[in-house]
Structures are given as structure tokens and as C-alpha cells.
Amino acid sequence: WLKPSWQRKRQPEQETRPAPPCQLRAAMDIDLLNPDPKEERTRHKLKRMIQSPNSFFMDVKCPGCLQITTVYSHAQTVVLCGNCNQMLCQPTGGLARLTEGCSFRKKVE
């Protein structure tokens with residue numbers, strides 16, 4: 001049977017010492033405020049310092065008729081030239097693969 005609290009024997013309390021304050025301030029190996037641009041590009045789009053998408057729109061120039069067509073970088077369908085029906089890019093699992101001979105430039109906002 002348990003005895004009421006006033007009848008129990010008290011156990012001696014152990015001394016607890018507060019943890020000593022950290023005396024050493026170690027310098028960090030990386031600068032968190034100014035990350036390396038190459039390292040930022042490799043990070044996941046949501047884990048960058050400033051979130052930004054991996055996709056973009058681009059102007060693709062047809063090698064046959066030199067007409068410029070706007071294409072999404074992660075296009076999921078085959079994109080054909082409007083004039084000569086030549087294939088400009090084909091889808092892959094991620095980025096669309098441009099056909100050989102096609103040149104492109106990223107669209108500016």
C-alpha cells in the first residue's frame with residue numbers, strides 16, 4: 001500500500017548544477033546571408049533563400065524557316081513549327097529536349 005505523502009520518507013535531493021554557458025563562439029563555415037549562386041541553383045526550388053521556379057519560357061528558332069516560337073521549358077507534348085511543321089522539341093521526364101539545330105534564348109519577364 002502507498003502511504004500518504006506526509007508519512008513517506010523524503011529522499012535527499014540531488015544537487016543540480018546549471019549547465020555552464022557556452023564560452024566558445026565557433027565561426028561558421030558558410031555565410032548564410034550571402035549563399036554561393038552555384039549552390040543555390042542546385043537546391044530544391046522551395047529551399048532556396050528566395051523561392052524561384054526551375055521552369056521558364058524560351059524563344060526557339062526553327063532551323064528550317066528561322067521562325068521563332070515560344071516554348072515552355074518543361075513542355076509535355078511535342079512542339080512543331082507553325083510554318084514548316086518541323087519538330088522543335090520533344091518531352092522527357094523533366095526538361096523538354098530541343099531538336100538538333102534549334103537555338104533558344106530564355107524569355108525575359
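This is a short tour of a predicted model, stop by stop. Residues are numbered from 1 along each chain as its sequence is written. Local features need pLDDT of at least 70, side-chain atom pairs count only at pLDDT 80 or more, totals use all residues, and side-chain values use heavy atoms, without hydrogens and water.

**Whole chain.** Show the cartoon. Helices (H or I, at least four residues) and strands (E, at least two) are DSSP runs, numbered from the N terminus.

**Confidence.** Colour by pLDDT, the predictor's confidence in each residue, from 0 to 100. The protein's mean is 86, and 84% of its residues reach 70 or more. Select helix 1, residues 37-42: confidence is lowest here, at a mean of 90. Now select strand 1, residues 57-61, where it is highest, at 96. Where pLDDT is low, the predicted coordinates should not be read in detail.

**Aromatic pair.** Select phenylalanine 57 and tyrosine 72. They form the structure's one aromatic pair. Their ring centres lie 5.2 Å apart and their planes meet at 50°, so the pair is tilted. (Rings of Phe, Tyr and Trp, its six-membered ring, pair with centres within 6.5 Å; planes under 30 degrees apart are stacked, over 60 edge-to-face, the rest tilted.) Phenylalanine 57 is in strand 1 and tyrosine 72 in strand 2 (residues 68-72), 15 residues apart.

**Charge and ring.** Select lysine 106 and phenylalanine 56. The charged end of lysine 106 sits over the ring of phenylalanine 56, 4.5 Å from its centre. The test: NZ of Lys or CZ of Arg within 6 Å of the ring centre and within 35 degrees of the ring normal.
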